[in-house]
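Keep the structure open while reading.

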Amino acid sequence: MAGASERMMELAAELDAAGDLPAEWGEAFRAVPRHLFIPPTVWIEDGDRLVPLHREDDPEAWLDLCYANDSVITQVDDGEPVGPGLVGAEITSSSSRPDVVALMLATLEVEPGMDVLEIGTGTGWNAALMAERLGAAHVTTVEVDPQVAERAHRALRSADCKVAAIVGDGALGYEPGAPYDRVIATVGVQRVPHAWVEQTRPGGRILVPWLTDFHNGALLALTAHGDGTATGRVVGNVAFMPLRVQRGRRASLVRDVRDVGRARRTATDLHPYDVIGEYDASLAVGLKVRRCKLVVESHEVGYTVWLIDPWSGSWASLRHVPGAECFEVRQLGFRSLWDEVEAAHRWWTGLGRPEAGRWGLTVRADGQEVWLS
Ligand SMILES: C[S@@+](CC[C@H](N)C(=O)[O-])C[C@H]1O[C@@H](n2cnc3c(N)ncnc32)[C@H](O)[C@@H]1O
């Protein structure tokens with residue numbers, strides 16, 4: 001059975017062979033062992049459920065997870081899981097998938113000598129990778145969850161990595177270390193906090209997963225202009241958990257979906273996959289239809305798409321049956337969420353079905369504006 005360092009080399013070789021490991025980051029990926037940063041209890045997905053895996057119960061399986069090209073779930077429900085193996089638990093911290101980490105580091109366009117602020121320390125692995133290439137004195141990382149931060153700080157110390165690791169709300173950036181040449185958020189935002197723009201040097205880059213209630217991720221690269229504004233566009237496809245202060249309400253089938261019998265019944269020939277499975281479409285729909293959470297419930301045959309507005313209590317469902325050309329829709333509440341989604345899909349089609357990369361954002365002190373180029 002391969003040991004940790006062999007697995008680390010194998011993972012780097014796998015990413016390299018797939019063209020996912022930029023040359024300038026190769027050394028860091030071969031020098032910073034991911035397993036040092038992964039806690040002894042992680043969570044694995046089993047259908048709709050999350051179940052814990054403890055290193056002492058199965059050290060081989062645990063090490064396999066550390067060196068698979070996959071994200072590792074390291075915290076659920078803010079560290080207070082409602083119960084092992086329950087449906088509906090929320091992933092609240094993870095070590096991102098190594099190829100996504102490599103993609104984001106490449107897209108950050110950071111060079112030795114530059115100062116970087118990371119939002120979302122998580123396990124600390126990404127901060128340690130950056131420290132390996134840029135020097136620890138050039139890396140500041142902020143984590144909001146004290147337990148997660150404490151564990152990351154221990155891991156960073158054990159790897160002798162002396163980055164500035166801060167416990168606090170990353171939405172505020174970290175003023176004492178500013179200005180930064182680069183800001184990298186490893187957590188998603190609906191609204192880009194203006195502190196990140198203010199704390200970035202003119203011409204500096206802010207890389208941030210951008211999400212909506214409906215759609216969970218596009219990578220946005222913004223340039224700070226030094227006048228309190230930043231602009232940029234979508235440069236990639238990533239999925240991240242939301243910034244804690246922007247999480248909004250959680251949608252729950254158990255809590256939010258009621259009175260199924262009273263729901264308005266209609267039918268649609270818009271295939272649900274064309275809306276939720278088509279990346280460009282679902283990004284655009286999410287920009288248009290606000291406060292609409294998407295939950296996909298899988299069945300033995302087919303799946304149900306649930307659209308839930310947990311603020312107003314409106315919901316819609318659409319049952320997908322393989323091979324069908326027409327789908328039953330149920331809607332309840334003052335919003336007709338499926339109708340809104342279908343209208344947004346028509347709007348996107350009318351715009352000529354723009355690809356994700358044509359969307360951009362301008363961030364100012366008083367808010368942000370979405371644009372299409
Ligand atoms: C996907 S994980 C980050 C992965 C991390 N970079 C790594 O290398 O393991 C996202 C992290 O962002 C943290 N987070 C969420 N909201 C935050 C906030 N407002 N400020 C700082 N960190 C936050 C979460 O607690 C979580 O640990």
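Arginine 262 and aspartate 259 join their side chains in a salt bridge, with N to O at 2.9 Å. The model is a predicted one. Across the whole structure, a search turns up 25 salt bridges.

**Arginine 262 and aspartate 259**
- Arginine 262 counts as exposed because its relative accessibility is 60%, and the cut-off for exposed is over 50%.
- Aspartate 259 has 41% relative accessibility, so this residue counts as partly exposed.

**Arginine 244 and aspartate 145**
- A salt bridge joins arginine 244 to aspartate 145, and their closest N and O atoms are 2.9 Å apart.
- This pair links distant parts of the chain, 99 residues apart.
- Arginine 244 sits in the loop between strand 11 (230-236) and helix 8 (253-256).
- Aspartate 145 sits in the loop between strand 6 (139-143) and helix 6 (146-158).
- Aspartate 145 is buried, with 4%.

**Salt-bridge network**
- Arg244 and Asp145 also belong to a network of salt bridges that links them with Asp78 and Arg247.

**Aspartate 213 and lysine 293**
- The side chains of aspartate 213 and lysine 293 form a salt bridge at 3.6 Å, N to O.
- Aspartate 213 counts as buried because its relative accessibility of 17% falls under 20%.
- Lysine 293 is buried too, with a relative accessible area of 13%.

**Helix 10 against helix 11**
- Two packed helices are described by the distance between their axes and the angle between them.
- Helix 10 covers residues 279-288 and helix 11 covers residues 337-350.
- Their axes come within 9 Å and cross at roughly 115 degrees.
- The crossing of helix 10 and helix 11 is right-handed.
- Which residues meet? From helix 10 come Asp280, Ala281, Ala284, Val285 and Lys288. From helix 11 come Val341, Ala344, His345, Trp347 and Trp348.
- By class, this contact of helix 10 with helix 11 has 7 nonpolar, 1 polar and 2 charged residues.

Terms used. Residues are numbered from 1 along each chain as its sequence is written. This is a predicted model: local features need pLDDT of at least 70, side-chain atom pairs count only at pLDDT 80 or more; totals for chains, interfaces and linings use all residues. Side-chain values use heavy atoms; hydrogens and water are left out. Axes are lines fitted to C-alpha atoms, for helices over the stretch in contact, and angles run from 0 to 180 degrees between N-to-C directions. Helices (H or I, at least four residues) and strands (E, at least two) are DSSP runs, numbered from the N terminus. A crossing is left-handed if the near helix is turned anticlockwise from the far one by less than a right angle, and right-handed if clockwise. Contact means heavy atoms within 4.5 Å. Ala, Val, Leu, Ile, Met, Phe, Trp, Tyr, Cys and Pro count as nonpolar, Asp, Glu, Lys and Arg as charged, and the others, Gly among them, as polar. A salt bridge is a side-chain nitrogen of Lys or Arg within 4 Å of a carboxyl oxygen of Asp or Glu. Buried means under 20% relative accessible area, exposed over 50%, partly exposed in between (1.4 Å probe, protein chains only).
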